[in-house]
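Take a look at the picture, then work through the exercises one step at a time.

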Amino acid sequence: MADEAAPTGADDTEVEATPGAAPEELFGALLTRSGGQLVLHPSREQYPKLLRTLHESGYHMVIDLCGVDYLTHSGRTGVPASVATERFEVVVNLINHKERARLRLRVQIPVDDARLASAFDLYPGTEAMERETFDMFGISFDGHPDLTRILMPEDWLGHPLRKDYDSGRIPVQFKGAPANRPATR
Amino acid sequence: MTTTHEAPANLAQTSEGAQELTSRDVISAGERLRELGAVLRLSESEALDAELDAVVDDETMIINMGPQHPSTHGVLRLMLELQGETVLRCKPIIGYLHTGMERTGEDLTYLQGPTNVTRMDYAAPLFTELAFSLTVEKLLDIEVPERAVWIRMLMTEMNRISSHLLFMATNGMDLGAVSMMLYGWREREEALRFLQEVTGLRMNHNYIRPGGVAADLPDGWRDSILRLLDMLPPRLDEYDVLMTNQPIWRERLQGIGVISAEECLALGVTGPILRSTGYDWDLRRDMPYLAFDKIDFDVVVGSFGDCFDRFAIRLAEIRESMKIVRQCLENMPKGDYRIQDKKVTPPPRARIDESMEALIHHFKIFTEGFKVPEGEAYVAIESPRGELGCYIVSDGSPNPYRMHVRAPSFVNLQTLPHLMHGNLVADAVAIISSVDPILGEVDR
């Protein structure tokens, strides 16, 4: 994949940061690399401001926004040591058409206060994606115009992509199942 | 079966909002802003005032279109607010085909994954398989053999042809050109026949897998493609006669459902809809994956951003795809069609009888699956509908920890309120059709 050109402001060196060295930053947020892809780790407070900066720097399109529930995978790698990991993450993929660069944001969301500022004002295209993330993970987006369930029925209980949500296996009964018709001889 | 019960606070939060389009006197400015299709031009306060004075509430009517409607391409439900014949607001309501495929993907191994994702975009199944496989390969940090790369390119472009032919058929059908429907279907069947020859199935192929492809190209594949490449151009010329150059067709589509490049960028819209505005962007050329940097083809762009441009772009893209297929035919390298990494690729059937290791590998791969190193990756490709991306988080186990597919139709559907605003209800069908949503991919 040749899709990662270094955007302006990024170091040209593709070397992984050595432990102990000062953490790399880009647009004021901590930067890591995941298989050559640039990943930013803004805090929830930094997130709206960072989006604005990115919008001004040519990242005109939010390609994707989704949630991840790290309930059963707490010891994850790829997050800088100074970032406190939380149960949820909102992952935002942005694209810069001019420099042909991609950037990924990973925002940590605690479970007891699962909310994040909406990107709707800057990127109206996140409307459906934020609704989906809300629907599947129960993460609220402040400032979203219409935060309702989008894929599940509106009276559904629970958020299906959370790891503690039972995906509901229907037991298959091969023997002794009641017949649809009364037995005739 | 047990169900998780949420705290009452969460329940209130999730059941308060109806998904339906609400009448004008109860909606908020933010929602109006969105439904007016005016997010880019109006401020929130303006949105409250604009049109609200001009339109008297009892002159408008909210009607329901779908989910079972022949021209909504599946189970898309639209709520339209009409004033007479004019559509003022529109809200797509989706989820009728939601089957939790992202959740299912977490329970399947990486080898089983393609069977699941292939059912998302059922008109272009190979693309979702490709996006999934490329993401897994990125996490594994492996390179597939060159022949596999070119086979993948050949097959996805054939799939693009069949998908766009399906669009030709349904677009004709939606606008009343029933003969076009039959022609489109006829040619698509020919393209599917080739896919069937190679993969064994017309749809939902499960052909592109992590590590390569499922099988090598069969004997006589060159002749099949050459036959197809000879057959298609005259048929496409017929389409030009039947539709492109026909005044009724042009009247029906030109100037209908106009969108600007700025609106497309803001809404995250990709693919033919973005290109119809004159915005020159195609991942195959601009961020090449597979071996598209070695291929010579043109990116087709429109200039008006209307339904006709979107139709014409897709027709022209069939011709471009044929160019790519021809180059794949000429440059198809020899070699292996899948990676010879025993941890990823199951051994050939013959080896199982003679080698204990092969038997063990075979058993391990099909029962437990192969482990993928911890990490996360997002890889995107250009599907017939736009950018199709796959985001996978791996925790080091044989199943994806989280598998998310960025479906182009899901995002492109957001243009409907913008495209429909101010158009006639009769044109609504033309607009839905020109967005070309695949509901399997929208709802996943």
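**Exercise 1.** Find what share of the residues of chain B count as buried.

*Solution.* Start with the rule: a residue is buried if 20 or more other C-beta atoms, placed from the backbone, lie within 10 Å of its own. Applied to the 444 residues of chain B, this rule gives 51% buried. This is a predicted model, where local features need pLDDT of at least 70 and side-chain atom pairs count only at pLDDT 80 or more, while totals for chains, interfaces and linings use all residues. Residues are numbered from 1 along each chain as its sequence is written, and chains are lettered from A in the order in which they are written.

**Exercise 2.** Work out which strands of chain A stand at the edges of the sheet.

*Solution.* First, write down the order: six strands of chain A form an open sheet, 1-2-3-6-5-4, with mixed pairing. Next, look at the ends: strand 1 and strand 4 (61-69) of chain A each have a single partner strand, so one side of each has no neighbour in the sheet. Strands here are DSSP runs of E with at least two residues, numbered from the N terminus, and two strands pair if DSSP finds at least two bridges between them. Finally, check one pair: strand 1 and strand 2 (residues 29-34) of chain A run antiparallel and are joined by two bridges. In this pair, Glu25(A) stands opposite Leu30(A).

**Exercise 3.** Decide where in chain A pLDDT (the predictor's confidence in each residue, from 0 to 100) stays under 50.

*Solution.* Begin with the whole chain: the mean pLDDT of chain A is 79, and 80% of its residues reach 70 or more. Then go to residues 1-18 of chain A, where pLDDT stays under 50. Where pLDDT is low, predicted coordinates should not be read in detail.

Methods: Two residues are in contact if their C-beta atoms, placed from the backbone, lie within 7 Å. A residue is buried if 20 or more other C-beta atoms lie within 10 Å of its own, exposed if 12 or fewer, and partly exposed in between; C-beta atoms are placed from the backbone. Helices (H or I, at least four residues) and strands (E, at least two) are DSSP runs, numbered from the N terminus.
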